[in-house]
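Hello,

Please find the structure below. My notes on a helix contact and some aromatic rings follow it.

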Amino acid sequence: MTAQHETAARTHGVGARNAVDALRTQVTGDLMDIVVDLDSGNGCRLRDLRDGTEYLDMTMFFSSAPLGHSHPGLHTAEFEASLVRASRVRPSNPDFATVEQADFAATLTRVYGDPALPLLFFIDGGGLAVENALKVAFDWKTKHNAARGIPMRGSRVLHLERAFHGRTGYTMSLTNTDPNKVRDYPMFDWPRIPSPAVDPGTDWDRDELLPAELAALDAARQALYRHGAEVACFVYEPVQGEGGDRHLRPQFLKAMQQLCHEHDVLTVADEVQTGGGLTGHAWAYQGLGLEPDLVAFGKRVQVCGVMGGRRVLDIPENAFREPSRISSTWGGSLVDMVRATRILEIVEDENLLDHARAMGDQLLAELTDLAVEFPQLVGKARGRGLMCAIDFHDPAMRAEALRVAREQHRTLFLPSGTHTLRFRPPMSVRADELNEALAAFRKTLTALA
């Protein structure tokens with residue numbers, strides 16, 4: 001350990017050498033054996049505070065660091081002063097205005113906004129973002145029913161198999177990936193339909209609906225017939241990240257969108273994982289040509305929340321506008337808003353949406369080649385923008401690949417679903433960093449083969 005790292009280790013409370021063990025003793029989590037050096041790092045380079053070991057990071061804290069580590073735009077004196085100013089007190093944002101919150105809302109609207117979704121709600125946590133989108137839908141459907149003389153609450157959510165929408169109250173009834181995440185918890189009996197994911201490059205461009213999509217659409221019709229005016233919304237992830245990076249075709253989602261329109265059901269795009277530029281668009285629904293009524297966001301946006309509009313606006317006193325209908329003490333973190341504002345400015349100034357699309361094309365092409373080169377190990381390379389993944393035929397081999405890549409090649413990847421290894425580089429990733437990560441992955445596959 002260098003003198004610099006010894007000094008840093010001594011001044012970090014528990015101490016860098018003991019941080020992992022101390023946290024594992026007291027705090028719930030799945031900690032890697034790494035202590036993040038918050039003062040260092042560079043681009044895709046993450047440094048271990050204990051000894052200076054550098055890792056090539058393709059995780060970006062589960063894709064919540066859109067500019068990588070230590071982007072120079074986040075080290076200006078002006079930005080750091082604004083962070084300190086916002087951190088001295090934590091105002092209740094829904095009740096007390098600040099210039100910082102107003103600047104964030106304006107910048108988010110300018111860089112990532114959708115004119116058809118002008119309403120904003122902020123909160124901490126992606127699961128709570130989804131949950132409040134559902135509350136808006138429940139409120140809307142109940143008022144919509146009442147205006148038509150239907151004495152029934154909108155109280156059910158149509159959703160997909162292999163979905164992950166969080167582990168909070170309402171979202172527990174929607175998440176159905178790893179059974180361990182929801183086992184034995186009370187849940188609502190809400191209608192669940194098959195998830196007809198398709199790997200891009202196979203039947204992706206066929207205009208007609210595929211048999212699995214027709215079956216899912218029929219299941220949705222049956223659920224709407226069975227539950228009628230109780231169904232408030234249909235919630236979906238454009239790409240089911242936790243479920244294994246499973247891509248839903250726009251043809252299917254548009255058909256679901258039309259069906260929901262016909263039955264006065266709102267559509268909710270859960271973009272906590274896909275939103276904020278990773279796919280090369282501000283929101284994945286835009287690249288798919290969809291028109292959701294509500295969008296839940298988080299991760300790369302730094303602040304979680306909901307965008308709303310379209311049919312929500314048919315009810316003037318919707319949940320966004322009715323006082324205290326949806327709210328919280330904090331309404332998101334002001335420090336996160338200051339950071340998010342600066343990140344959005346950099347995304348805009350450096351044209352990172354176009355960059356993510358270009359780098360994503362390169363990444364996907366290389367993963368496709370690796371699937372051809374190592375067919376006995378991997379297959380089904382797929383991606384939208386930088387949200388890329390590849391499947392292992394054997395889950396045990398995937399676990400071993402993650403270990404070998406981390407321990408022997410100092411490269412960090414993430415699992416997804418039961419068989420998938422996912423890439424989550426920052427939007428600012430450079431071509432040489434991607435090449436280095438792909439080289440490490442090839443060496444890992446070579447060792448396993």
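**Aromatic rings and a helix pair**

Tyr170 has a relative accessible area of 26% and is therefore partly exposed (buried is under 20%, exposed over 50%, partly exposed in between; 1.4 Å probe, protein chains only). Trp190, at 7%, counts as buried.

This is a predicted model, in which local features need pLDDT of at least 70, side-chain atom pairs count only at pLDDT 80 or more, and totals for chains, interfaces and linings use all residues. Residues are numbered from 1 along each chain as its sequence is written, and side-chain values use heavy atoms, without hydrogens and water.

The structure holds 13 aromatic pairs (ring centres of Phe, Tyr and the six-membered ring of Trp within 6.5 Å; planes under 30 degrees apart are stacked, over 60 edge-to-face, the rest tilted). One of them is Phe104 with Phe122, tilted, at 5.0 Å centre to centre and 50° between the planes. Phe104 lies in helix H5 (residues 99–112) and Phe122 in strand S3 (residues 119–123), so the pair ties together parts 18 residues apart in sequence (helices, H or I, of at least four residues and strands, E, of at least two are DSSP runs numbered from the N terminus). Both Phe104 and Phe122 are buried. Tyr170 and Trp190 also form a tilted pair, with 6.0 Å between centres and 35° between planes. Phe138, Tyr170, Phe188 and Trp190 make up one aromatic cluster.

The axes of helices H11 (residues 352–373) and H13 (residues 431–448) come within 11 Å and cross at roughly 15° (axes are lines fitted to C-alpha atoms, for helices over the stretch in contact; angles run from 0 to 180 degrees between N-to-C directions).

Regards
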